[in-house]
Amino acid sequence: MQIPGLELEFDALPAPVPIWHAQVTPQHWQSAATAVHAAGGRLLALWAGSSIDPSGTDTSLAPVPACMCAAYVVLEGAFWLSLPLLKKEGRWVYPDLSAVFLSATRMQRAAADLSGVQAQGAQDVRPWLNHGAWPVDHYPLQQHPDGLAVVAPTELQNYPFVHVDGDGVHEIAVGPVHAGVIEPGHFRFSVVGEKVLRLEQRLGYTHKGIEQRMTQLPAMEAHRLAGRVSGDSTVAYAWAYCMALESATHTVIPPRAAWLRALMLERERVANHLGDLGALGNDAAFAFGLAQFSRLRENWLRGSQAVFGHRLMMDCVRPGGVSVDPDRAQSNLLIDQCDSLEKEVHTLFDIYESHAGLQDRFVTTGRVLPELASRLGLTGLAGRASSQTWDLRCDHPFVPYSDLPVAMATHHNGDVAARVAVRFDEVFESLRLIRRMLGDLPAGDIVCPVVLTQQAARGAGWVEGWRGEVFVALELAGANLANRIERCHLHDPSWQNWPVLEHAIMGNIVADFPLINKSFNLSYSGQDL
Amino acid sequence: MIWKAVKQIVRTGICTEAAPDIGDAAQAEVARIQAELLGILGQALSIREVDAGSCNGCELEINALGNPYYNLEGLGIRFVASPRHADLLLVTGPVSRNMETALKRTYDATPEPKLVVAVGDCGCDGGIFGESYASCGRVANVIPVDEVVPGCPPPPLAILRGILKAVRRRIAESANAHK
């Protein structure tokens with residue numbers, strides 16, 4: 001398989017979604033980026049990888065970064081490129097991608113902090129995840145997992161924010177501890193009067209070393225950690241991790257397991273959309289919306305508790321399948337929940353739609369026009385609200401979506417109202433899908449054995465979570481090294497969307513920031529790792 | 001428009017009391033905890049929530065405390081925007097090293113007498129993330145903790161119970177001190 005416009009052969013990875021892999025040279029590294037960009041493709045993820053050689057027998061758990069990896073999406077599927085690193089003046093380097101894909105910037109900065117790899121030619125090389133918690137010459141992902149040294153924290157670093165000068169310009173600094181019950185991050189607004197000229201984010205506060213921790217866990221248990229990268233997307237992450245593990249081990253899960261995973265994924269989508277729709281009403285001073293939607297969300301979570309044994313369905317997706325098999329009565333309960341929820345959401349939709357004050361706050365607020373969205377790589381739900389018509393469930397329908405065509409929800413206005421509309425549409429679509437899934441659920445096993453391979457292996461998982469696509473790249477050592485996880489990169493769509501939020505707020509008033517921020521509802525933990 | 005909203009409000013009724021969906025046992029417990037909190041405090045309790053590095057799962061459940069079923073505000077418990085207005089810090093997550101200073105400063109900014117409740121397995125013992133170059137582990141490694149609420153994430157009722165236990169213990173302690 002080839003990327004359109006690039007003479008380079010890729011090997012298919014065994015996964016339910018089309019993903020290919022290839023080793024590349026620095027020339028190919030750059031021409032691939034240009035070719036993907038020219039073909040209208042996107043950068044999916046960027047990370048420093050490990051050194052496994054699936055054809056060879058050994059790889060030691062080497063304390064050097066072995067390669068730089070990029071994953072791109074074009075119409076045909078996803079392409080994972082591994083570039084062996086070059087050593088230049090004592091530093092591991094690779095050619096910068098941010099000139100082609102702006103969203104690469106923060107991922108490159110994170111890779112520099114964690115693995116000590118430098119993007120040659122990059123404009124912004126400020127640290128991203130390391131706020132001074134560990135020495136600048138200590139690279140957490142280059143440590144042997146069995147011999148992790150105790151790291152003495154260094155002084156907190158003073159972060160060089162970009163300053164805006166001019167008559168009447170002043171700064172508002174917010175965070176990391178925010179006023180509401182939300183995750184920590186720092187926002188630096190440059191404002192004139194009420195108008196925001198510029199926003200600069202500083203994230204990384206919830207960085208808790210997930211990728212290093214991954215290398216300490218057995219491959220068969222790491223799905224639990226994957227399911228805690230971003231708690232609101234636990235099903236999506238656990239599924240993406242398990243898909244990667246199953247891909248590396250050539251495991252095909254039973255159909256019933258795939259259907260149940262999708263059932264939980266859609267339930268997770270509905271739960272989050274309900275929460276957001278309520279919070280969006282509340283942020284526009286319509287507390288009625290929060291009361292109603294939070295009540296519906298609570299009912300929904302109780303349904304998950306009753307059927308899956310966990311309100312957020314954590315640890316219900318496991319390697320080889322799922323851990324819960326709903327019986328007939330439980331299926332009926334879930335169907336009844338869909339019916340009653342659908343009726344209620346229709347009522348609330350009518351109220352939201354006809355509420356002039358609410359619409360006044362929503363419409364044209366926090367606008368990201370399709371052209372800008374495309375240039376900045378806006379993805380997932382927010383992307384679809386700005387005409388970026390990508391939804392993995394539709395683009396590459398795997399089981400069970402191959403049997404249940406999904407109607408993609410899109411909008412072209414790119415404002416808060418559009419992101420609200422896409423959420424409403426997706427709730428209704430997910431309810432339809434859930435009912436179909438429960439009606440047509442195939443019989444059979446819900447889990448199959450996963451047998452780790454003799455050789456080192458590579459696998460990838462790719463799932464359309466409620467926020468956008470979650471991607472997991474997994475490199476496993478061979479049996480001689482106890483099938484350890486050499487490297488597991490977990491990618492959240494928030495990486496792409498956070499920088500776009502900086503643009504969405506420009507020209508809006510400060511008071512609309514919470515509303516705009518909520519309309520994206522990005523994960524801090526998911527990108528901080 | 002407003003009629004539609006009013007109609008919906010009337011049709012929904014008051015979940016906090018009626019709550020047909022939760023089952024009687026759980027509902028009775030909510031009511032008992034609510035009554036006890038009011039009895040102990042006799043005044044509003046102000047909480048500052050600090051996510052010190054969580055996966056956001058605990059935040060989802062803490063936010064759920066505000067829904068009509070648990071009706072936290074109805075009890076006179078509210079989340080406040082600043083630690084300077086708070087009686088109690090509700091802290092989640094393994095404390096990331098990047099949040100260590102912010103958490104300490106938040107604690108210092110909270111007026112005495114202050115209570116700290118650590119929420120979730122990570123807050124209790126570091127959870128699956130443990131201690132590392134990036135994580136300080138449990139909340140008690142960074143600031144004094146009065147009460148822990150295990151669970152991943154703990155359901156809203158467990159969090160409410162933890163808040164109550166911390167308040168009750170503090171009141172018992174101060175009563176003993178005055179004897």
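Guide: Start with chain A: 16 helices and 16 strands. Helices (H or I, at least four residues) and strands (E, at least two) are DSSP runs, numbered from the N terminus. This is a predicted model: local features need pLDDT of at least 70, side-chain atom pairs count only at pLDDT 80 or more, and totals for chains, interfaces and linings use all residues. Residues are numbered from 1 along each chain as its sequence is written, with chains lettered from A and ligands numbered from 1 in written order.

Visitor: How many residues of chain A are in contact with chain B?

Guide: In general, interface size is often given as the accessible area lost when the parts come together. Here we count contacts (C-beta atoms, placed from the backbone, within 7 Å). 47 residues of chain A are in contact with 45 residues of chain B. α7(A) gives the most to chain A's side, with 8 residues.

Visitor: Which residues of β3(B) lie on each face, and are they buried or exposed?

Guide: In a regular strand, side chains alternate between the two faces of the sheet. In β3(B), Leu88(B), Leu90(B) and Thr92(B) are on one side, Leu89(B) and Val91(B) on the other, and all are buried. Buried means 20 or more other C-beta atoms, placed from the backbone, within 10 Å of the residue's own; exposed means 12 or fewer, and partly exposed lies in between.

Visitor: Which strands are joined to β3(B)?

Guide: Strands pair if DSSP finds at least two bridges between them. β1 (residues 45-51) of chain B runs parallel to β3(B), joined by 5 bridges. β4 (residues 115-119) of chain B is also parallel to β3(B), with 5 bridges.

Note on methods:
Contact = placed C-beta atoms within 7 Å.
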